[in-house]
Amino acid sequence: MTAALTLLYKLLPLYVTVILGWLAGRFPQARGSHIAGIMMYIITPSVVFAGVMRAPLSPEVIALPFLILGLCSLIGYAHLLLARRWVGDASANLIPLAVGTGNTGYLGIPVALLLFGEQGLSIYILCMLGTVLYENSVGFYLAARGRYSVADCLRKMSRLPSLYGFFLAVALNLGGIGIPALFEPLFDNLRGAYSVFGMMIIGMSILSFRGLAGNLRFTALAFFGKFITWPLVALLFWWLDSQGPQLYDRQVYQAIFLVSITPIAANTVVIATLLDLEPAQVAGSALLSTLVALFSIPLMIALFIGA
């Protein structure tokens with residue numbers, strides 16, 4: 001529990017960053033849309049590329065992102081079916097993104113570094129990449145279907161560079177090609193910008209603290225999927241694999257569990273902003289989930305990871 005309290009203390013700067021984003025949107029009138037394109041098309045692909053390039057790859061390790069992609073897709077589509085019946089407006093199509101993925105990068109990377117160190121961080125990043133693949137494929141498609149046709153959704157999805165960055169990095173890594181030392185500081189700086197801008201965009205998308213929850217049905221379903229369904233699925237996988245085929249070890253189980261307990265992804269706000277699909281609703285729910293996660297993450301870690 002002492003380690004959990006230490007983690008809680010070390011998370012506080014990330015929440016201050018959300019406040020700074022809100023101040024930037026409130027007074028200089030900066031907008032999340034100003035950063036969303038840079039995040040989606042430059043910074044996120046760079047972080048994905050560097051993470052895969054630095055990871056020790058094996059068939060089991062390469063399969064990790066696709067395992068997470070499958071779990072995210074299952075959880076997201078199941079909750080979309082509920083959302084179409086219960087939410088009652090266009091924001092229902094954002095539920096798969098809200099529940100299927102999480103703030104695995106902007107918030108998760110600093111937490112993983114604190115918990116697992118540099119060695120465990122590479123395994124966590126590979127799990128995180130599964131959520132990035134989901135955001136840029138199935139999740140984006142389901143969200144875009146709230147506004148665009150099937151053909152338009154597929155066209156927009158094909159233009160997202162994170163997918164290409166992932167497969168290019170796998171090919172180069174397996175070919176024995178690494179990142180030149182000259183460019184290592186650049187990718188480290190981009191990883192820092194990834195966390196800072198990602199948390200700030202949540203604050204920028206909130207023009208007022210009134211009515212943060214917006215559509216209460218959207219927020220309730222998003223919270224149920226994010227804080228109950230996903231952790232239960234992660235724990236079920238942990239138990240099934242450890243009792244059966246034992247394809248992975250405890251380090252991987254812990255990384256998947258950390259992915260599952262992160263709050264609603266800031267990239268959900270980015271995508272909602274790019275699609276002009278209820279961004280304020282998503283930003284409010286994301287911010288509320290981030291506040292909840294300030295306490296829930298240390299508690300869940302203390303209970304199940306024992307850090």
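Me: Which helices each supply at least two residues of the lining of the largest cavity?
Reply: H5 and helix H12 (266-275) do. Helices here are DSSP runs (H or I, at least four residues), numbered from the N terminus. A cavity is a set of points on a 1 Å grid over the protein atoms alone where a 1.4 Å probe fits but cannot get out, and lining residues have an atom within 4 Å of a point.

Me: What kind of model is this?
Reply: This is a predicted model, where local features need pLDDT of at least 70 and side-chain atom pairs count only at pLDDT 80 or more, while totals for chains, interfaces and linings use all residues. Residues are numbered from 1 along each chain as its sequence is written, and side-chain values use heavy atoms, with hydrogens and water left out.

Me: Back to the cavity. What volume does the largest cavity have?
Reply: About 50 Å³. Volume is the space filled by probe spheres set on the grid points, which are joined across faces, edges and corners. The structure holds one cavity of 30 Å³ or more.

Me: Which helix gives the most to its lining?
Reply: H5, with three residues. The lining includes Thr131, Val132 and Glu135, along with Tyr106, Tyr194 and Asn267.

Me: New topic: the second largest pocket. Which residues lie nearest its centre?
Reply: Gly51, Arg54, Leu121, Ile125 and Arg191, out of eleven lining residues. A pocket is an open set of points with protein on both sides within 12 Å along at least five of seven lines. The volume of this one is about 170 Å³.

Me: Where does the largest share of that lining come from?
Reply: From H5, with five residues. Helices H2 (32-54), H5 (108-135) and H9 (184-204) each supply at least two. The whole lining divides into six nonpolar, two polar and three charged residues.

Me: Now packing. At what angle do H11 and H13 pack?
Reply: About 155°, with the axes of H11 (residues 250-261) and H13 (residues 279-305) 11 Å apart. Therefore H11 is roughly antiparallel to H13; that label covers angles over 145 degrees. Axes are lines fitted to C-alpha atoms over the stretch in contact, with angles from 0 to 180 degrees between N-to-C directions.

Me: Which residues meet there?
Reply: Arg250, Gln254, Phe257 and Ile261 in H11 meet Ile297, Met300, Ile301, Phe304 and Ile305 in H13. Contact means heavy atoms within 4.5 Å. By class, that contact has seven nonpolar, one polar and one charged residues.

Note on methods: Nonpolar A, V, L, I, M, F, W, Y, C, P; charged D, E, K, R; others polar. Parallel < 35°, antiparallel > 145°, perpendicular 65-115°, else oblique.
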